[in-house]
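Hi,

Here is the structure I promised to pass on to you. Have a look at it first, and then read on for my notes.

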Amino acid sequence: MADELLVFEQTIEAVFVRALHGRLTPACKTRLRQAGLDLNQKLRPAYPFDAWMMFLRIAAQELYPNEPLDEGAFKIGEACIDGFRETMLGRAVLSLLRVLGPRRALMRATQNFRAGNNYTESRLKELSPRQFELWMNEVGPLPTFTAGILHAGLRTAGAENIRIDLSGHDGHACTYCISWSEASVSSGVAGKGDSKAATRSGSINSL
């Protein structure tokens, strides 16, 4: 793992420029600027991991003030995929996920996340054809943000009725217990609804 954990410009762009565009209030932008993210200026090539976590915390608090922080972080994680899809790199990665399907998409977790940072390492354990444990080395204090990314990514890859439970989170690493009932490439983009609710409940109740 890199000595200095860095989150690349394209990740910041996907969340704060693309996904949350038009939703950030002046008060939220002020808090972000005070924390080191000035959205009125050109983005830097990379940001420290701790600053990234603070940006996410501020966004969750400001956008979802009446919901638990974990729930807000999960929603922003899902939105990250929508924003990522609007970037050139994101279109390429997400098009590949639709071809690979959910199982092989999970096998590429390290590569996919490394498109946006310099530190992610993962290990995947297959328990059954549609049940996996995914260990990730660094998700910080907001593991449900990554759960939201995984949920939206698996949905893009064709998984349906997705459930993600969290296990063994120590403030850094986390194991995600992932399952789905079926997979259909044709339903990958549109498969929303009940699966989202099931994933949120499973993820947050496991903390």
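A term to begin with: I call a residue buried under 20% relative accessible area, exposed over 50%, and partly exposed in between, with a 1.4 Å probe and protein chains only. By that count, buried residues make up 49% of the 207 residues in the chain.

Please keep in mind that this is a predicted model, in which local features need pLDDT of at least 70 and side-chain atom pairs count only at pLDDT 80 or more, while totals for chains, interfaces and linings use all residues. Residues are numbered from 1 along each chain as its sequence is written, and side-chain values use heavy atoms, with hydrogens and water left out.

The overall picture

The chain has eight helices and eight strands. Helices (H or I, at least four residues) and strands (E, at least two) are DSSP runs, numbered from the N terminus. Of the contacts (heavy atoms within 4.5 Å) with a separation of 6 or more, 68% are between residues 24 or more positions apart.

H1 spans residues 9–19, and its buried residues are Thr11, Ile12, Glu13, Ala14, Val15, Phe16 and Ala19. Their cover includes two strands, E1 (6–8) and E2 (46–48). It also includes the helices H2 (26–35), H3 (49–63), H4 (69–85) and H7 (143–156).

In H2 you will find Cys28, which is buried, with a relative accessible area of 1%. Leaving aside residues up to four places away in sequence, Cys28 touches Ile58, Ala59 and Glu62. Its C-alpha atom is separated by 9.8 Å from that of Phe55, 27 residues apart along the chain.

How the helices cross

For angles, axes are lines fitted to C-alpha atoms, for helices over the stretch in contact, and the angles run from 0 to 180 degrees between N-to-C directions. Angles under 35 degrees count as roughly parallel, over 145 as roughly antiparallel, 65 to 115 as roughly perpendicular and the rest as oblique.

The axes of H3 and H4 come within 9 Å and cross at roughly 105°, so these two helices are roughly perpendicular to each other. H3 brings Leu56, Arg57, Ala59, Ala60 and Gln61 to the contact, and H4 brings Leu69, Gly72, Ala73 and Ile76. These residues divide into six nonpolar, two polar and one charged; here Ala, Val, Leu, Ile, Met, Phe, Trp, Tyr, Cys and Pro count as nonpolar, Asp, Glu, Lys and Arg as charged, and the others, Gly among them, as polar.

Leu69, in H4, is partly exposed at 27% relative accessibility. Not counting residues up to four places away in sequence, Leu69 touches Arg57, Ala60, Gln61 and Leu142. From Leu69 to Arg57 is 7.5 Å, C-alpha to C-alpha, with the two 12 residues apart in sequence.

H4 also meets H7: their axes come within 7 Å and cross at roughly 45°, so H4 and H7 are oblique to each other. The residues of this contact divide into nine nonpolar, six polar and four charged. Among them are Phe74, Cys80 and Arg85 in H4, and Phe145, His151 and Arg155 in H7.

The sheet

Which strands form the open sheet, and in what order? There are four, in the order E3-E4-E7-E6, and the pairing is antiparallel; two strands pair if DSSP finds at least two bridges between them. E3 (122–128) and E6 stand at the edges with a single partner strand each, so one side of each is left without a neighbour in the sheet. On average, neighbouring strands are turned by 20° against each other, direction ignored.

Six bridges join E4 (residues 131–136) to E7 (residues 174–179), and Leu134 has Tyr176 in E7 as its bridge partner. Five bridges join E6 to E7, where Arg163 stands opposite Ser179. The hairpin of E6 and E7 has six residues between the strands, and in it Gly168 takes a positive phi near 70°. H7 lies across E4, E6 and E7, running at about 30° to E7.

One more backbone detail

Asn161 sits in the loop between E5 (159–160) and E6 (163–167). Its phi is near 50°, a positive value in a residue other than glycine. With 44% relative accessibility, Asn161 counts as partly exposed.

Best wishes
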